[in-house]
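Take a look at the model before reading on.

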Amino acid sequence: MDEDARRNMRPLSLHVPEPRFRPGDAVDFADFDIPDVAAAPRPDIGAMPEEMRSLAYGLVRVLDLDGASGGAWAPRLSPERLVAMLRHMALVRAFDDRMYRVQRQGKTSFYMKCTGEEATSIAAAYALDRDDMCFPSYRQQGLLIARDWSLVDMMCQIYSNRGDRLKGRQMPIMYSAKEASFFSISGNLATQMPQAVGFAMASASRGDTRIAACWCGEGSTAEGDFHSACTFASVYRAPVIINVINNQWAISSFSGFAGAESTTFAARAVGYGIAGLRVDGNDALAVYAATEWAAERARNNFGPTLIEHFTYRAEGHSTSDDPTKYRSAEERSAWPLGDPIARLKQHLIAIGAWDEERHAAMDREVAEEVKAAGKEAEKQGVLGDGLHQPFTTMFEDVFEELPWHLEEQSRQMVEERKAAGI
Ligand SMILES: Cc1ncc(C[n+]2csc(CCOP(=O)(O)OP(=O)(O)O)c2C)c(N)n1
Ligand SMILES: [Mg+2]
């Protein structure tokens, strides 16, 4: 094409997403459409993905904003079980608060909270069997806590101390607990997604009964691994639940950079021919109901489900982050779907199973439980006090027999440290 003809054509341009609210902006979610709890139908667990496409664009809800429950998805859970769920969510929040503080005190180098997202792990764990295999991201500490894993054990990992079952080889919070069917957390985003699908495929090909579930953030859906996982899950109808926690932020990048301006994250399922559900992630009953549905579907060989949990990351990405630099401080309180603990509490009060006094007592108890665990864990050491695993252990556990060159390096390390007086 000659230059003249080119000059008459429209220049190309790129769309660069921009979040609605930046620091200092007044936040207004008035145009945010919250579908009615009665709006989402609950298909049969064997429904074909194409029969239920609308669920990938709507919002499965059970609790309305007044604390009443209803709609086709309302699960049958006793008040005692709901109180247990509430207590586990409160325990996660208390654990997060304490571990955040100890990081500020210099007792560990790093911590990540899941504030505002507790329902997405706790209610999911309640709907799964204890030995269903979980492949979490770094924000699913609630799975371990819902499975009554030892808080002391988790704290020892965070402190990389003498009691750390991972011997200081993982970043703080990157737990691994085979006995709780909780796969080792990886810092490389989305690697757990194809691993979960692979586990589910292996389980099915052996004729076993364990299903798998994995979790990643909405930002992580932009990783290739997420898409490989969806392809394999769809092709082999793997018994797996693919959870996307849409907390609207990926450190300082808003969800628009992972595609949220164009469609929902649950709609990724449509392209792969997978059942897709978009769920109010701050509604513990909706998370429970969706997970229970997907688990039943997987157990009965109807294949995978992709669940988007729509929520809000109420605090910073990690202790290394400062969200006041990139988003409006008002967003958290203005978020129309509220807080998951406050909403379950309100529901329990509405059905006469709970009251403010019991709630305050529960908050005191969980804070005490975390404090006691903290004292126990700190006896085994905190960052910088020397009470960690011996350095020589860093050469162990990779090879069955230590190769000669690692043995040599190990000896050299000991000698050099001795010479340096460490
Ligand atoms: C492959 C890879 N790329 C980038 C990073 C750096 N990183 C760590 S967390 C994160 C944001 C992830 O956001 P999201 O998936 O939405 O999860 P969230 O933190 O919101 O739970 C990034 C970019 C990484 N750890 N791994
Ligand atoms: Mg995110």
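Which residues in H2 meet which residues in H12? Arg87, Ala90, Leu91, Ala94, Phe95 and Arg98 in H2 meet Met362, Asp363, Val366, Ala367, Glu369, Val370, Lys371 and Gly374 in H12. Contact means that C-beta atoms, placed from the backbone, lie within 7 Å.

This is a predicted model: local features need pLDDT of at least 70, side-chain atom pairs count only at pLDDT 80 or more, and totals for chains, interfaces and linings use all residues. Residues are numbered from 1 along each chain as its sequence is written, while chains are lettered from A and ligands numbered from 1 in the order in which they are written.

**H2 and H12**
- The contact of H2 with H12 has 8 nonpolar, 1 polar and 5 charged residues (Ala, Val, Leu, Ile, Met, Phe, Trp, Tyr, Cys and Pro count as nonpolar, Asp, Glu, Lys and Arg as charged, and the others, Gly among them, as polar).
- Helix H2 spans residues 79–104 and helix H12 residues 356–378.
- Their axes lie 9 Å apart, at an angle of about 50°.
- H2 and H12 are therefore oblique to each other (angles under 35 degrees count as roughly parallel, over 145 as roughly antiparallel, 65 to 115 as roughly perpendicular and the rest as oblique).

**H3 and H9**
- Helix H3 (residues 118–127) packs against helix H9 (residues 284–299) at about 45°, with axes 8 Å apart.
- H3 and H9 are therefore oblique to each other.
- In H3, the residues that meet H9 include Ile122 and Tyr126.
- On the H9 side, Val287 and Glu292 are among them.
- This contact of H3 with H9 divides into 10 nonpolar, 2 polar and 1 charged.

Key: Axes fitted to C-alpha atoms, helices over the stretch in contact; angles between N-to-C directions. Helix = DSSP H or I, 4+ residues; strand = E, 2+ residues; numbered from the N terminus. Contact = placed C-beta atoms within 7 Å.
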